Structure formats: structure tokens, C-alpha cells
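Dear colleague,

I am handing over the structure below, together with notes on what was found in it. Please read the notes with the coordinates open beside them.

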Amino acid sequence: MIHLKTPLEIEKMKKAGKVVGDLLKFLEEKIKIGMTTKQVDTLAYNFIKRAGATPSFLNYAGYPASICCSIDDEVVHGIPSDRLIEEGQIVSVDVGAIVDGWQGDAARTFLMGEVSPEKKKLVEVTKQCFFEGIKEFKAGNRLGDIGHAIQTYAESNGFSVVRSLVGHGIGREMHEDPSVPNYGTKGSGIRLSNGLVLAIEPMINLGTYKVNCKSDGWTVVTHDGKPSAHYENTVALTENGLEILTL
Ligand code: MF3
Ligand code: CO
């Protein structure tokens, strides 16, 4: 069931969105070659607590950390560990916070030092995929218009779209209906209306779209070992048009 949000509820969601957006800016400054991914998680946990918010990922279905930190061929849901961040890697950081019962969810992919041109392009195209997608997020359009725009942009740049993971509605719960695929057919799916709040999150691969889950039960990796990038924001459709809550 889709829970459309009132303008007042969207105002409340902006508070969680701001914590998440500010946290990602903070982490972009702080993340450095030679840190462990666990150190990044600790920075995030402390930031969320200081903001008076609750980390939404921690203990979600048994997930053991406040962020997901996914390096190179890791697509999403990398668990923070003692692994060191190295020169040339692309590191995607996904964070979620709850304020007054409302959720925010967003992700960025950071370039660590000198990164190969193909990885750099992958990260840029993945971000632009999000912005291509939200051009279609308007009342009267259909959900498939968003996925179609993302897929078209990714594939026209020679990249592939992960199929088995999708964006989602968000509100009092992190994952609400509808599912938001990053692929699709124009004119298909539910009609978009004011009050809809979505986490739109293209996951784009350099090689095959196929992915596997590692034996830790969380980390999703590309089937061919090639890199993957992720970019996500929580976005609301309001009477005043589109609002990105986590920028
Ligand atoms: N942003 C991710 C998502 O949209 C985060 C979930 S990680 C989890 O699904 F650990 F919390 F599950
Ligand atoms: Co999400």
C-alpha cells in the first residue's frame, strides 16, 4: 500500500532529510585514503547522534552498522569493517536517519585520490542517472517513466542497470511501496501524484548488470568483478513540484 504524505508530513521528513544530506557532506570531507570503513561508520554514528537523530540501518533486519560502505565491485550493503580505503577506489556510502519517526535515506559514491577515467565516468553517469530520473517525477507521469529515463541514460553511456535491487517509497518506514526500478518502460506502472515520497537510487555497473550476494548475507557484488556506483536521494512530489529532501 502506498502512503501518500501530507504537506505537513513532508515538512517533517525534511528534518530527517537534512540530517542525511548534511551527514553525506560531512563524510565527503572526512573520508580519506588509509581509513577503515569502520572508522567512517563511527563518524556517521556520532554525527547522527549529535543531530538528535537515530541511525535507521543499525539493527535493521540484523544489519550491524549505521552506514553501508561499498568499494569498487561492491554494489551496495557493504558492511563496515577493518578494510582500508585505498587510492583509486570508488567508495559508495549509503546512510539513513530517523527524526521524530520520519526517515531519510541517501547515498553518494566518492572518488579516492586518482581514479581511472572509466570509474570516474561511471560515478558521474550514475549521479546524472538520478537527475535524469527525477525529470520524470511529476504528477500525471508513471513510475516506469523514471526507470526508463535512468536506464536510457545509463545504457547510452555504455553502462548497465542493476535489476535485482530497486529504490522504494519511504516515510515512517525506510522501505514502503512502491518499488522503484531503475529500468522500465515509458508509460508503465502506477501514476505519480502529489504526496508521493520516494528513495530513487540508481545502481549502475561498468560491466554486466548481474550481481551476487556474498556469504556475509549482505554485501552485493558484481558478477564480473567490475566496479559499480550508487547515488540516492529521498525525493518528494509536492504541490510546488519536486523537492529533494537529502541534498
Ligand atoms: N539505503 C538502503 C536501501 O535503500 C539501505 C538499507 S541497508 C540496511 O535499502 F542495512 F539498512 F538494510
Ligand atoms: Co534506499
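Axes in these notes are lines fitted to C-alpha atoms, for helices over the stretch in contact, and angles run from 0 to 180 degrees between N-to-C directions. Helices (H or I, at least four residues) and strands (E, at least two) are DSSP runs, numbered from the N terminus. This is a predicted model, in which local features need pLDDT of at least 70 and side-chain atom pairs count only at pLDDT 80 or more, while totals for chains, interfaces and linings use all residues. Residues are numbered from 1 along each chain as its sequence is written, chains are lettered from A and ligands numbered from 1 in the order in which they are written, and side-chain values use heavy atoms, with hydrogens and water left out.

**Helix packing**

Helix 1 and helix 2 (residues 37–50) pack with their axes 10 Å apart, at an angle of about 145 degrees.

An open sheet of 5 strands runs in the order 8-7-9-14-15, with antiparallel pairing, where two strands pair if DSSP finds at least two bridges between them. Its edge strands, each pairing on one side only, are strand 8 (176–180) and strand 15 (241–244). On average, and with direction ignored, neighbouring strands of this sheet are turned by 25 degrees against each other. Within the sheet, strand 9 (residues 197–200) and strand 14 (residues 233–238) are joined in the antiparallel sense over 4 bridges, and Ile 200 has Asn 233 in strand 14 as its bridge partner. Helix 1 (residues 7–30) packs on the sheet and touches strand 9, strand 14 and strand 15, its direction making about 160 degrees with that of strand 14. Helix 3 (residues 117–134) likewise packs on the sheet, touching strand 9, strand 14 and strand 15, and its direction makes about 150 degrees with that of strand 15.

**The cobalt site**

The cobalt ion (ligand 2) is coordinated at 2.1 to 2.5 Å by Asp 105 (OD), His 168 (NE2), Glu 201 (OE) and Glu 232 (OE). Donors here are N, O and S atoms within 2.8 Å of the metal (3.2 Å for Na, K and Ca), and water is not among the atoms, so sites may look incomplete. Along the sequence, the donor residues follow the spacing D-x62-H-x32-E-x30-E. Distant parts of the chain are linked by the pair of Asp 105, in strand 5 (residues 102–111), and Glu 232, in the loop between strand 13 (228–230) and strand 14, which are 127 residues apart. Asp 105 is buried, with a relative accessible area of 3%, and Glu 232 is buried at 0% (buried means under 20% relative accessible area, exposed over 50%, and partly exposed in between, with a 1.4 Å probe and protein chains only).

**Strands 4 and 5**

Strand 4 (residues 90–99) pairs with strand 5 in the antiparallel sense over 10 bridges, and Val 95 stands opposite Ala 106 in strand 5. Strand 5 is mostly covered, with 9 of its 10 residues buried. Gln 103 in strand 5 is buried at 7% relative accessibility, and its contacts, leaving aside neighbours within four places in sequence, include Met 13, Ser 56, Ile 170 and Arg 172. The hairpin of strand 4 and strand 5 has 2 residues between the strands, and there Asp 100 takes a positive phi near 50 degrees; Asp 100 is exposed, at 60% relative accessibility.

With best regards

Conventions: Contact = heavy atoms within 4.5 Å.
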